[in-house]
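Please keep the sequence and the model in view while reading.

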Amino acid sequence: MLRRNRRLRTNESVRSLVRETFISPNDFLVPIFVVEGKQVKEEIASMPGYYRYSLDLLKQEIKELWSLGLKSVLLFVKVPDELKDNKGTEAINPEGLMQRAVKTVKDVAPEMVIMTDVALDPYSSYGHDGIVNDGKILNDDTTAILAEMALSHAKAGADFVAPSDMMDGRIFEMRTLLEDEGFHDTGIMSYSAKYASAFYGPFRDALDSAPGFGDKKTYQMDPANRDEAIKETLMDIEEGADIVMVKPGLCYLDIVRDIKNAVNVPVAVYQVSGEYAMIKAAAEKGWLDHDAVILEQLTAIKRAGANMIASYFAKDAVKLIS
């Protein structure tokens with residue numbers, strides 16, 4: 001008998017009936033950039049259509065996200081230069097910008113899931129994810145501060161802390177301190193396979209967090225490595241991670257599938273700033289169909305195995321699929 005696969009592609013109704021992968025508002029973590037001040041909504045030059053918000057305008061943004069069915073945010077802060085040092089002192093200030101941002105979101109939308117970036121680069125005078133000594137990034141000294149930072153976020157009301165630093169052993173340090181302090185329900189979403197990618201440039205513009213010297217290749221992963229991602233991820237789960245992440249997205253979908261096949265916890269993927277900027281630039285030139293490419297890339301990420309996607313296109317996507 002002749003098998004005709006095209007029968008299942010006859011029209012959109014048939015294609016919808018047999019479709020294997022779906023995008024919904026529940027799939028997204030929405031990255032939010034927060035700054036000091038009032039009535040501040042600053043467009044990020046290298047990320048057209050994306051903004052930094054002061055806390056008063058953050059309230060409006062959170063209300064809009066919730067109305068669209070977007071139920072989780074991933075918070076980042078742009079720290080004033082005068083508050084930066086080599087130890088990330090401001091990171092554990094109970095009245096710091098991140099801590100106030102968490103409280104602001106909870107006041108507006110108590111059921112919104114809040115995930116907070118845990119890394120020293122926004123707070124570092126060197127722009128690195130750890131304490132610097134003689135040009136080297138100190139691992140163990142850094143993890144101790146990161147654990148205190150995670151605890152501070154939990155006290156402010158964060159549902160999940162999201163360490164993005166790639167220091168060895170930091171998940172164990174955080175989980176231990178959170179348990180010791182009674183924050184048994186605070187989750188950890190670990191950036192388990194974070195690569196030393198060239199796609200992070202616009203994000204660093206957004207937070208003014210580019211490294212002041214060298215690069216991040218001594219702690220972020222080599223893009224050439226695949227098996228290492230599994231090792232890193234399994235170690236993070238053993239240390240207490242509840243969710244694991246692959247970052248960036250599109251160039252690492254093989255890693256996403258490898259990890260999905262290897263673990264029994266949810267897998268997150270970060271569709272990063274460079275991926276956002278490329279689509280925006282090409283669409284502005286008229287070279288790509290902006291909306292179609294967004295949905296195709298997000299579908300590819302989910303098809304590869306992502307349970308959730310951190311994406312700057314979250315609002316655009318849910319408007320398209322609605």
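## A buried salt bridge

In this predicted model, Asp-129 has a relative accessibility of 0% and therefore counts as buried, the limit for that class being under 20%. Its side chain meets that of Lys-216 in a salt bridge, with 2.6 Å from N to O. The two partners come from distant parts of the chain, 87 residues apart. Asp-129 belongs to the loop between β5 (113-118) and β6 (131-133), while Lys-216 belongs to the loop between α6 (201-207) and α7 (227-239). Lys-216 is also buried, at 5% relative accessibility.

In general, side chains of opposite charge can pair when their charged atoms come close.

## Arg-170 and its surroundings

Helix α5 contains Arg-170. The relative accessibility of Arg-170 is 2%, so this residue counts as buried. Arg-170 forms a salt bridge with Asp-165, and the closest N and O atoms of the pair are 3.1 Å apart. Asp-165 is buried, as Arg-170 is.

When residues up to four places away in sequence are left out, Arg-170 touches Thr-143, Leu-146, Pro-163, Asp-165, Ser-190, Tyr-191, Asp-236 and Glu-239.

## Other salt bridges

How many salt bridges does the count come to? The count comes to 17 salt bridges. One of them joins Glu-12 to Arg-19, where the closest N and O atoms are 3.2 Å apart. Glu-12 is partly exposed, with a relative accessible area of 38%, and Arg-19 is partly exposed as well, with a value of 36%.

Salt bridges also link Glu-61, Glu-64, Lys-315 and Lys-319 in a network.

## Charged patches on the surface

A patch of negative charge on the surface gathers Asp-140, Asp-141, Asp-168 and Glu-173. Within this group, Asp-168 is placed in the loop between β8 (160-163) and α5 (170-180).

A positive surface patch is formed by Arg-3, Arg-4, Arg-6, Arg-7 and Arg-9. Arg-7 is found in the segment before α1 (12-18). With a relative accessibility of 44%, Arg-7 counts as partly exposed.

## Backbone features in loops

The peptide bond that leads from Lys-247 to Pro-248 is cis, and its omega is near 0°. Pro-248 lies in the loop between β10 (243-247) and α8 (253-262).

Two residues other than glycine are described here for a positive phi: Gln-39, with phi near 55°, and Asp-134, with phi near 50°. Gln-39 is in the loop between β1 (28-34) and β2 (41-44), and its relative accessible area of 60% makes it exposed. Asp-134 is placed in the loop between β6 and β7 (136-138) and is exposed, with a relative accessible area of 74%.

## Gly-274 in helix α9

Is Gly-274, at 9% relative accessibility, buried or exposed? Gly-274 is buried, because a relative accessibility of 9% falls under the 20% limit. This glycine is placed in helix α9, which covers residues 273-284.

Leaving aside neighbours within four places in sequence, Gly-274 is in contact with Phe-199 and Pro-202. Gly-274 and Ser-197 are 77 residues apart in sequence, and their C-alpha atoms are 9.6 Å apart in space.

Definitions and conventions:
Residues are numbered from 1 along each chain as its sequence is written. This is a predicted model: local features need pLDDT of at least 70, side-chain atom pairs count only at pLDDT 80 or more; totals for chains, interfaces and linings use all residues. Side-chain values use heavy atoms; hydrogens and water are left out. Patches are made of residues with over 30% relative accessible area and no salt bridge: like charges are joined within 9 Å, nonpolar side chains (Val, Leu, Ile, Met, Phe, Trp, Tyr) within 5 Å. Accessible areas come from the Shrake-Rupley method with a 1.4 Å probe; for residues, only the protein chains shown count as cover. A salt bridge is a side-chain nitrogen of Lys or Arg within 4 Å of a carboxyl oxygen of Asp or Glu. Lys and Arg count as positive and Asp and Glu as negative; His and the chain ends are not counted. The place of a charge is taken as NZ of Lys, CZ of Arg, CG of Asp or CD of Glu. Helices (H or I, at least four residues) and strands (E, at least two) are DSSP runs, numbered from the N terminus. Buried means under 20% relative accessible area, exposed over 50%, partly exposed in between (1.4 Å probe, protein chains only). Contact means heavy atoms within 4.5 Å.
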